[in-house]
Amino acid sequence: MAKHAKRKVTAPGPATTLVHGGIERSHFGETSEAIFLTQGYVYETAESAEARFKGDDPGHVYSRYSNPTVAMFEERMRLLEGAGGARATASGMAAVNTALMASLSAGDHVVAAKALFGSCRYIIEDLLPRFGVRSTLVDGADLAQWKRAVRKGKTKALFLESPTNPTLELVDIAAVADIAHKAGAKLIVDNVFATPLLQKPLALGADVVVYSATKHIDGQGRCLGGVVLGDEDFIDKVHTLLKHTGPSMSPFNAWVLLKGLETLPIRVERQCSTAAILADRIADHPAVKRTLYPGRPDHPQADLAARQMSGGSTLIAFEMKGGKKKAFAVSNALKVICLSNNLGDAKSLITHPSTTTHQRLTEEARRELGITQGVLRFSVGLEDVEDLWADLSRALDKAA
Ligand SMILES: *Cc1c(COP(=O)(O)O)cnc(C)c1O
């Protein structure tokens, strides 16, 4: 890559960063980011190979370690989040797992909120204890429970997501970060539901942020990806783990995700404004028992939402009167909104969590999280708002 062709743009605005940030042009001067579909790299001399392996020359060595297209994605995410470093992974779960592995060793303790994405809860509750890491699950909204659960010197990581999946409950990130730091632990935030635009966990005091790039960052349902962000020391540990354990992001996926980042602000803005309109209409429908949307004044934590988020959400949770039967009736009557467990997509998607994403949990664990049989999770897409409402209101009327 010719030196003169490099142009690093560190623009202040997020939209500009998401279009130009991290771009490394080749000697062709291509407009769009190039896809470097290569496993390895050739060296001009044996000496330069030695220098690369020693780290004296910062170039790439092998695409399990790093790749130019993946590096562009990482740099763009790093600039957006305002982090010291970023490493991309093959999926969101690889990002969560690696962030936890980089923080914990046998004998350590981890505290996490109960309301977690299913696979995150599996890692905390079932996997880590097999390797000598004990875990405690708390009600994320109850700060006293976090305080009681941490063990000074033993607890090395606190883990949460906010808003939570699927009931869109919030956790006070600044307050939990404070509890973590007093105990000498790091706070890791899974920021998928908020997106990097609506909530800035690092600015609120968190140490590490993880994303499933599969969701809003791709935003068009094409590929899996993840990213871990934190300070340079932490990202060095993440890098070592990724390099030796192998859940690296494919250069092709990195390219798709780079293109996704370019349109992230306009998609999230549009999805949030459509969601805000639909949340109000859903809440007023007689077939609906309860609506949960962080942008509505009747959200149980509306004050916290205003404090730590700069927008509502692209997701709405609502509970049908009449439980599973009515939730299924609504789902089955939809024609525009698709039944799918993904989220953050251009297509509007609806999920019945208790029989799909949260099926693994016991009925009691679901009840604790407010995931009753009537709850539906609605990921608002990019369709016309009136088409979505026509579809949903017809389905709700039918179920009522
Ligand atoms: C989807 C998701 C994950 C896992 O991401 P994958 O890319 O599917 O591996 C983790 N956390 C949250 C909150 C998610 O929504």
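The legends below describe close-up views of a predicted model. Local features require pLDDT of at least 70 and side-chain atom pairs pLDDT 80 or more, whereas totals for chains, interfaces and linings use all residues. Residues are numbered from 1 along each chain as its sequence is written, and side-chain values use heavy atoms, with hydrogens and water left out.

View 1. On a 1 Å grid over the protein atoms alone, a pocket is an open set of points with protein on both sides within 12 Å along at least five of seven lines, a cavity is a set where a 1.4 Å probe fits but cannot get out, and lining residues have an atom within 4 Å of a point. The lining comprises 24 residues, with Met93, Phe117, Ser212, Thr214 and Lys215 nearest the pocket centre. At least two lining residues come from each of helix H4 (92-103), helix H5 (118-130) and strand S6 (208-212); helices (H or I, at least four residues) and strands (E, at least two) are DSSP runs numbered from the N terminus. Domain 1 (14-259) and domain 2 (264-399) each contribute at least three residues to this lining, the domain bounds being taken from an automatic or database assignment.

View 2. The ligand is surrounded by 13 residues, and Gly92, Asp190, Ser212, Thr214 and Lys215 are the closest; a residue is counted if one of its heavy atoms lies within 4 Å. A polar side-chain atom of Asp190 is 2.6 Å from a ligand nitrogen atom. Ligand oxygen atoms lie 2.6 Å from a polar side-chain atom of Thr214 and 2.8 Å from a polar backbone atom of Met93. On its own the ligand has 390 Å² of accessible area, of which the protein covers 92%; such areas come from the Shrake-Rupley method with a 1.4 Å probe, and for residues only the protein chains shown count as cover.

**View 3. The largest cavity.** Among the residues that line the largest cavity are Arg64, Tyr65, Glu74, Arg87, Leu242 and Met249. Helix H3 (68-81) and strand S1 (85-89) are the elements that give two or more residues to this lining.

**View 4. Backbone geometry in the loop between S4 and H7.** Most peptide bonds are trans, and most residues other than glycine have a negative phi. The bond from Ser162 to Pro163 is cis, with omega near -5°, and Pro163 sits in the loop between strand S4 (155-161) and helix H7 (173-182). Pro166 also belongs to the loop between S4 and H7; the peptide bond from Asn165 to Pro166 is cis, with omega near 0°. Leu168, located in the loop between S4 and H7, has a positive phi of about 55° although it is not a glycine.

Terms used
Polar contact = N/O pair within 3.5 Å; in protein donor to acceptor, adjacent residues only side chain to side chain.
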